[in-house]
Amino acid sequence: MLAFAAETLARSEPLKLLAFGDSLTAGYGLPQSQGFAAQLEARLRAAGITVTVINAGVSGDTTAGGRARLDWTLADPPDAVILELGANDGLRGIEPRVSRDNLDAILTRLQSRNIPVLFAGMYAPPNLGKEYGTEFRNVYEDLATRHDIDFYPFFLDGVAGLPDLNLNDGIHPNAAGIAVIVERILPAVQRMLARIN
């Protein structure tokens with residue numbers, strides 16, 4: 001890590017890490033300084049990694065919405081991407097095969113641009129039933145294997161369903177919840193960034 005830190009500190013410009021997702025990456029209901037992008041950037045910089053985390057989260061976005069806006073989001077190419085989409089697909093009960101097609105297209109586009117990706121998985125709400133939940137979860141696992149990319153199985157790991165870590169809506173993490181997400185996903189982000197020349 002020390003060698004990596006020295007190398008990144010020597011860069012003329014920070015690494016650009018794009019957090020591409022929905023309200024969970026956008027920081028819904030939070031001041032910008034407490035959202036995912038800001039907290040992750042602070043943790044990475046504290047670890048000696050010169051990086052700018054770009055908040056490309058759009059509240060309410062589905063996988064279809066992400067697919068539609070991907071190309072213009074990449075107009076200023078990032079060095080790496082955290083892809084976090086699908087929570088709204090699950091909330092709306094969208095067919096998992098539709099989400100799969102959209103995510104597959106996004107991942108294919110990123111790989112065609114040689115942009116490293118950390119793919120963050122999502123679970124469906126339990127009220128949609130076990131069969132839907134299993135099929136939905138498998139979308140992420142299967143695509144991660146197919147594309148041979150870094151995979152973080154559940155973006156809300158350690159936060160989902162815990163009132164103290166979420167806003168009053170019970171869905172969106174509060175600042176403390178974001179801190180837990182960042183703490184847990186941080187090693188995977190660091191491993192991805194360490195491979196960038």
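# Briefing: parallel sheet, ring cluster and pockets

Phe-119 and Tyr-140 are both buried (under 20% relative accessible area; exposed is over 50%, partly exposed lies in between; 1.4 Å probe, protein chains only). The model is predicted: local features need pLDDT of at least 70 and side-chain atom pairs pLDDT 80 or more, while totals for chains, interfaces and linings use all residues. Residues are numbered from 1 along each chain as its sequence is written, and side-chain values use heavy atoms, without hydrogens and water.

**Sheet**

- An open sheet is built from 5 strands with parallel pairing, in the order S2-S1-S3-S4-S5 (strands are DSSP E runs of at least two residues, helices H or I runs of at least four, both numbered from the N terminus; pairing needs at least two DSSP bridges).
- At the edges of this sheet are strand S2 (51-57) and strand S5 (150-152), each of which pairs on one side only.
- Neighbouring strands of the sheet are turned by 20° against each other on average, direction ignored (axes are lines fitted to C-alpha atoms, for helices over the stretch in contact; angles run from 0 to 180 degrees between N-to-C directions).
- Strand S4 (residues 117-120) is joined to S5 over 3 bridges in the parallel sense.
- In S5, Asp-150 stands opposite Leu-118.

**Aromatic pairs**

- The structure has 6 aromatic pairs (Phe, Tyr or six-membered Trp rings with centres within 6.5 Å; planes under 30 degrees apart are stacked, over 60 edge-to-face, the rest tilted).
- One of them is the tilted pair of Phe-119 and Tyr-140, at 5.4 Å centre to centre with 35° between the planes.
- Phe-119 belongs to strand S4 and Tyr-140 to helix H7 (residues 130-147), so this pair ties together parts 21 residues apart in sequence.
- Phe-119 also forms a tilted pair with Phe-151, at 5.9 Å centre to centre and 40° between the planes.
- Ring pairs join Phe-119, Phe-151 and Tyr-140 with Tyr-132 and Phe-136 in a cluster.

**Largest pocket**

- The largest pocket holds about 340 Å³ of space (a pocket is an open set of 1 Å grid points over the protein atoms alone, where a 1.4 Å probe fits, with protein on both sides within 12 Å along at least five of seven lines; lining residues have an atom within 4 Å of a point; points join across faces, edges and corners, and volume is the space filled by probe spheres on them).
- Its lining has 20 residues, of which Ala-87, Leu-91, Pro-125, Leu-156 and Ile-171 are the closest to the centre.
- Helix H2 (23-26) and helix H5 (87-92) each give at least two residues to this lining, and H5 has the largest share with 3 residues.
- The lining of the largest pocket comprises 13 nonpolar, 6 polar and 1 charged residues (nonpolar: Ala, Val, Leu, Ile, Met, Phe, Trp, Tyr, Cys, Pro; charged: Asp, Glu, Lys, Arg; polar: the others, including Gly).

**Second largest pocket and Pro-125**

- The volume of the second largest pocket is about 150 Å³.
- Its lining consists of Tyr-123, Ala-124, Pro-125, Pro-126, Lys-130, Gly-133, Thr-134 and Arg-137, which divide into 4 nonpolar, 2 polar and 2 charged residues.
- Pro-125 sits in the loop between S4 and H7 and is buried, with a relative accessible area of 19%.
- Pro-125 and Met-192 are 67 residues apart along the chain, and their C-alpha atoms are separated by 29 Å.
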